[in-house]
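Colleague: Hi! Could you walk me through this one?
Modeller: Happy to, here it comes.

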Amino acid sequence: VKILGTPIQSIIETEDRKIFADRVNEIGEQVAPSEAVYSVEEALEAAKRLGYPVMARAAFSLGGLGSGFASNKAELETLAHQALSHSSQLIIDKSLKGWKEVEYEVVRDAFDNCITVCNMENLDPLGIHTGESIVVAPSQTLSNKEYNMLRSTALKVIRHFGVVGECNIQYALNPNSEEYYIIEVNARLSRSSALASKATGYPLAYVAAKLALGVSLPSIKNSVTGVTTACFEPSLDYCVVKIPRWDLAKFVRVSKHIGSSMKSVGEVMAIGRNFEEAFQKALRMVDSGVNGFDPHLQPVRKEDLSEPTDKRPFVLAAALKANYTVDELHDLTKIDKWFLNKMKHIIAFHNVLEATGNTLTAELILQAKQMGFSDKQIASAIKSTELAVRKQRQELGIKPFVKQIDTVAGEWPATTNYLYLTYNASSHDLDFPGGFTIVVGSGVYRIGSSVEFDWCAVGCLRELRNLGKPTIMINYNPETVSTDYDMCDRLYFEEISFEVVMDVYEMEHSDGIILSMGGQLPNNIAMDLHRQQAKVLGTSPESIDSAENRFKFSRMLDRKGILQPRWKELTNLKSAIVFCEEVGYPCLVRPSYVLSGAAMNVAYSNQDLETYLNAASLVSKEHPVVISKFLTEAKEIDVDAVAADGEILCMAVSEHVENAGVHSGDATLVTPPQDLNHETLENIKRI
């Protein structure tokens, strides 16, 4: 079969670890000392020759499947058994844990023109998979010499392998000398390529497609500037931080440790004019319940610093608050001191805010905003409210500036629609003519909310375009189509929070906001926007609220004479037992402040109930639990409908194969329903 782009031979040479090592040695470069083995016995012998600790990884695998570190014979034996079940070949490497991990994205055409598009540095040292690491672009802690040394090596290696199109190369760099090893080359686009495209505004997949057809780099137009060619290296006048999102809390008895095997389900990318600003934005993007680099979220435990978990940034924040020095933290985490000093900077300022209390000057507010503090975060530090801080900030005229990503760092006249907000600026990069419709995206991919909302947002943007309405997209997920700059008229690569959406709405004099395309996140800010007189298009925020709020919803069902399982919101164990005995077990127990079914349980007796309520911890007036009668052997039915002004225009009914009690995201659905009679269907329509 005729293959376009990178030849098959190059793919084999980069994927097979043994051949790869030999090919890299041909041009005088080095990979980490390693041996390829095919059985557990060979693995143990190889480790003896290399010296422990070692890393084991399976060949031809994605996301670090079946890899890990072993510091003795017993650990390696179990690892080798696991890994050899995934793959026939196993690589034993000398461990470089604690070294810096750096990655370059490289593009080469069939005429040997070769450039590096983006270089990225992992904040977490080697030993944590790139997909699990916090990544910063461009790299912040490399010296000019190191940067250029790795860049020229990248070009040399990619030319040697004869890659045509896009690829990436990963290095391990010794933090104390200029010694480095090549970890691997992916002769294809990868997850990092998607990130690099969004981080630089250089459309890697688009360019790679043209290169595969044999087009030369200099003849491809740079689609962002429209004037320069694609044969130039983007320069950035901003800093990008990527943080992964894990949903490990959903799984019982799953280890929370992160390492060489990838477990994250999504990632966010934040843009700022300094590291602090981008880092704090990114932390809020990962989880809307977090205010930023917050020292009050996690207890300080040394083992959580040396053995990283998904919550390590907040453990670091707490440790800095507890006056750990940068040197101590560096010894525990091996994170570069440059990053730790930046984090210390944030916590020091957080302390200043807490000490100042509710008497902020314009200077302090501006300083806070320049370090990426949100209004809500400032409010919680000075014991005020988000709206009060917002009002004071606006009265003082402290507002964000809109900057564009133009791949040429503003050194070349370019107008783009790829935008971000920052307080580290003095002017806007564009004008605000008004008349735009804002569509809010879904934010980070997580269990229960992912690509379907990207599809909704893109469908919405396309239809608005067809109707001749100019559009604005607000979203911060680098792996979506909705964040492509050619999907909408203006792309704000920003947080989805009340503060940011409201800022954009006011600056752009927008015609209205569409919230319904982005899932739960935009829904959560509907009432806040409504109270500030923002125009929400589609279902009114009051109606959204009456569907989201259990009391309002229940009252509406009663008014309409629609049956519902009996339920009650309860604040202590005694009243809970009384209610359950009255309606009869089994009962469904739901703590009130969780998302998509975390911590939901079915209780079959008073004893069960007691166990669950103790596990749900603080059952109190602030955190009540909702208990409802659980209907066993019940059929569960989903109805999806399109309606205008409350009139249903069309609907689809689907039936769950499993009995009620399996979350619809985990159930098998059949449509049209196979097991409902005509009468039931009519009844469903009526309801």
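Modeller: Before we start, contact here means heavy atoms within 4.5 Å. Also, this is a predicted model.

Colleague: Thanks! How is the chain divided into domains?
Modeller: Domain 1 covers 8–27 + 97–236, with domain 2 at 34–94. Then come domain 3 (401–547), domain 4 (549–629) and domain 5 (635–686).

Colleague: How many residues does the largest nonpolar core have?
Modeller: That core has 117 residues, and Val-241, Phe-279, Phe-293 and Leu-529 have the most contacts inside it.

Colleague: And where does this core lie?
Modeller: Between domain 1 and domain 3, because both of them give residues to it.

Colleague: Let's zoom in on Phe-279. Which residues is Phe-279 in contact with?
Modeller: Skipping neighbours within four places in sequence, Phe-279 is in contact with Ile-134, Val-241, Ile-243, Phe-293, Pro-313, Met-343 and Ile-346.

Colleague: What about a second core?
Modeller: There is a separate one of 25 residues, with Val-31, Met-149, Val-157 and Tyr-180 among them.

Colleague: Changing topic: what separates the centres of domain 1 and domain 2?
Modeller: Taken over C-alpha atoms, the centres are 26 Å apart. Domain 1 brings nine residues to the contact and domain 2 brings 11 residues.

Colleague: What area is buried between domain 1 and domain 2?
Modeller: About 830 Å², and carbon and sulfur atoms give 59% of that.

Colleague: How many salt bridges turn up across that interface?
Modeller: Zero between domain 1 and domain 2, and zero residue pairs in polar contact at pLDDT 80 or more.

Colleague: How do the residues on the side of domain 1 that touches domain 2 divide?
Modeller: That side of domain 1 has six charged residues, two polar and one nonpolar.

Technical notes. Residues are numbered from 1 along each chain as its sequence is written. This is a predicted model: local features need pLDDT of at least 70, side-chain atom pairs count only at pLDDT 80 or more; totals for chains, interfaces and linings use all residues. Side-chain values use heavy atoms; hydrogens and water are left out. A nonpolar core is a set of buried Ala, Val, Leu, Ile, Met, Phe, Trp, Tyr and Cys residues joined through side-chain atoms within 4.5 Å. Buried means under 20% relative accessible area, exposed over 50%, partly exposed in between (1.4 Å probe, protein chains only). Domain bounds come from an automatic or database domain assignment. Buried area is the accessible area (1.4 Å probe) that two parts lose on being put together, summed over both. A salt bridge is a side-chain nitrogen of Lys or Arg within 4 Å of a carboxyl oxygen of Asp or Glu. A polar contact is a pair of N or O atoms within 3.5 Å; within protein, one must be able to donate a hydrogen and the other to accept it, and residues adjacent in sequence count only if both atoms are side-chain atoms. Ala, Val, Leu, Ile, Met, Phe, Trp, Tyr, Cys and Pro count as nonpolar, Asp, Glu, Lys and Arg as charged, and the others, Gly among them, as polar.
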